[in-house]
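Subject: Structure for your review

Dear colleague,

I am handing over the structure below and would be glad if you could look through it. My notes on what was found follow directly after it.

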Amino acid sequence: MKKKVKNNIRSILLKILIIIASISAIIFIRDVLVKRGVSIVMFTRKDYMNAAEYYMQQKYGEKFESEYIYEGSVYVHPKSNPYWHVVVDVETKDGMTYFHDNYVGYLKKEELEKYIYELVKPIYGECKVYTHPYGFPDDDSFLRDTDIFMYAKKSNFIIRIFVCSNRVDEEKKLVDICNILSNKKICGGRLVVTYLKEEDLQYLEEIYLDRLFNSEKFYKSLTVVYDREKHSYDGEIYVTEGDEDYRK
């Protein structure tokens, strides 16, 4: 009787081990397939992250690390620059998986900022220009060799200009900038011009912009939105006053 019970226990344990081994094998095979870009059903957050990393590596020829998933999109950064938080959207349709990303906005960032700086300097004098991509370009085929004008025409990005020039005719200057950018086909989704004290502009760094806007340590910030249907920046200017103590 005892021998029969032992045999039953061994049989049950063996079945459990087989099930565990099978599940482990399935997970391993699925992860390998995902990394190789095979279109299969993805079950876990890790599956989506692996797929996004592989897609980005294949498209741009460099390695990426995933950070987190938010509202269906995977946030990754190239290993060469952990400060670039690239968005990769994973879309499943009819059993196939499609990807969209905004990495080209980071690749073209420096070149585009220099170009815009030269356009606005005659009006604002010494200033700092930063761009930040959001959403996804109209064309998923954009790569490293994409022309900045093609990117600027078909993508959404924020243009942030920080100035310390004479605060006279602020809105007129902004309208002039809008006209210049429109004529040059620089069609960013939003343009923000922020006035700072000279010493604050001098030491301003892009990684601290969120802190600056959250603390409102500026004189005034003027915002306009690009209207893609009209092919121009909207005429309405949104004004945000900075911290009262800062403006004294």
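A polar contact is taken here as a pair of N or O atoms within 3.5 Å, where within protein one must be able to donate a hydrogen and the other to accept it. Please keep in mind throughout that this is a predicted model.

With that cut-off in hand, the place to begin is Lys-109, where a polar atom of the side chain lies 2.5 Å from the backbone oxygen of Thr-131. Lys-109 lies in helix 4, which covers residues 109-124, and at a relative accessibility of 9% Lys-109 counts as buried. Apart from neighbours within four places in sequence, Lys-109 is in contact with Tyr-130, Thr-131 and Glu-206. Lys-109 also meets the side chain of Glu-113 in a salt bridge, at 2.7 Å from N to O, and these two residues both lie in helix 4, 4 residues apart, or about one turn of the helix. Glu-113, with a relative accessible area of 12%, is buried.

Lys-173, in helix 6 (residues 170-183), presents another case: Lys-173 is buried yet has no salt bridge, and the nearest side chain of opposite charge, that of Asp-169, is 6.7 Å away. What is Lys-173 in contact with, once its neighbours within four places in sequence are left aside? The residues in question are Ile-123, Tyr-124, Ser-165, Asn-166, Val-168 and Tyr-195.

The structure holds 13 salt bridges. Among them is the one between Lys-172 and Asp-176, whose side chains meet at 3.2 Å from N to O; these residues are 4 apart in helix 6 and are therefore separated by about one helical turn. Lys-172 counts as exposed, at 52% relative accessibility, while Asp-176, at 26%, counts as partly exposed. Another salt bridge joins Arg-167 to Glu-170, with the closest N and O atoms 3.1 Å apart. Arg-167 is partly exposed, with a relative accessible area of 38%, whereas Glu-170 is buried, with a value of 10%. Arg-167 and Glu-170 also belong to a network of salt bridges that links them with Lys-220, Glu-241 and Arg-247.

Turning to the aromatic side chains, a search of the whole structure finds 15 aromatic pairs. One of these is formed by Tyr-60 and Phe-64, a tilted pair with 6.4 Å from centre to centre and 55 degrees between the planes. Tyr-60 is buried at 5% relative accessibility, and Phe-64 is buried at 4%. The rings of Tyr-60 and Tyr-103 have their centres 4.9 Å apart and their planes at 85 degrees, so this pair is edge-to-face. Because Tyr-60 lies in helix 2 (residues 45-60) and Tyr-103 in helix 3 (residues 103-107), the pair ties together parts that are 43 residues apart in sequence. Tyr-103 is buried as well, with a relative accessible area of 1%. Ring pairs link Tyr-60, Phe-64, Trp-84, Tyr-103 and Tyr-106 into a cluster.

Finally, the cysteines: how many disulfides does the structure contain? The count comes to 0. For Cys-127, the closest cysteine sulfur is that of Cys-164, and since the distance is 8.8 Å, the two are too far apart for a bond. Cys-127 is buried, with a relative accessible area of 5%, and Cys-187 also counts as buried, at 6%.

With kind regards

Key. Residues are numbered from 1 along each chain as its sequence is written. This is a predicted model: local features need pLDDT of at least 70, side-chain atom pairs count only at pLDDT 80 or more; totals for chains, interfaces and linings use all residues. Side-chain values use heavy atoms; hydrogens and water are left out. A disulfide is a pair of cysteine sulfur atoms within 2.5 Å. Buried means under 20% relative accessible area, exposed over 50%, partly exposed in between (1.4 Å probe, protein chains only). Lys and Arg count as positive and Asp and Glu as negative; His and the chain ends are not counted. A salt bridge is a side-chain nitrogen of Lys or Arg within 4 Å of a carboxyl oxygen of Asp or Glu. Contact means heavy atoms within 4.5 Å. Rings of Phe, Tyr and Trp (its six-membered ring) pair if their centres lie within 6.5 Å; planes under 30 degrees apart count as stacked, over 60 as edge-to-face and the rest as tilted.
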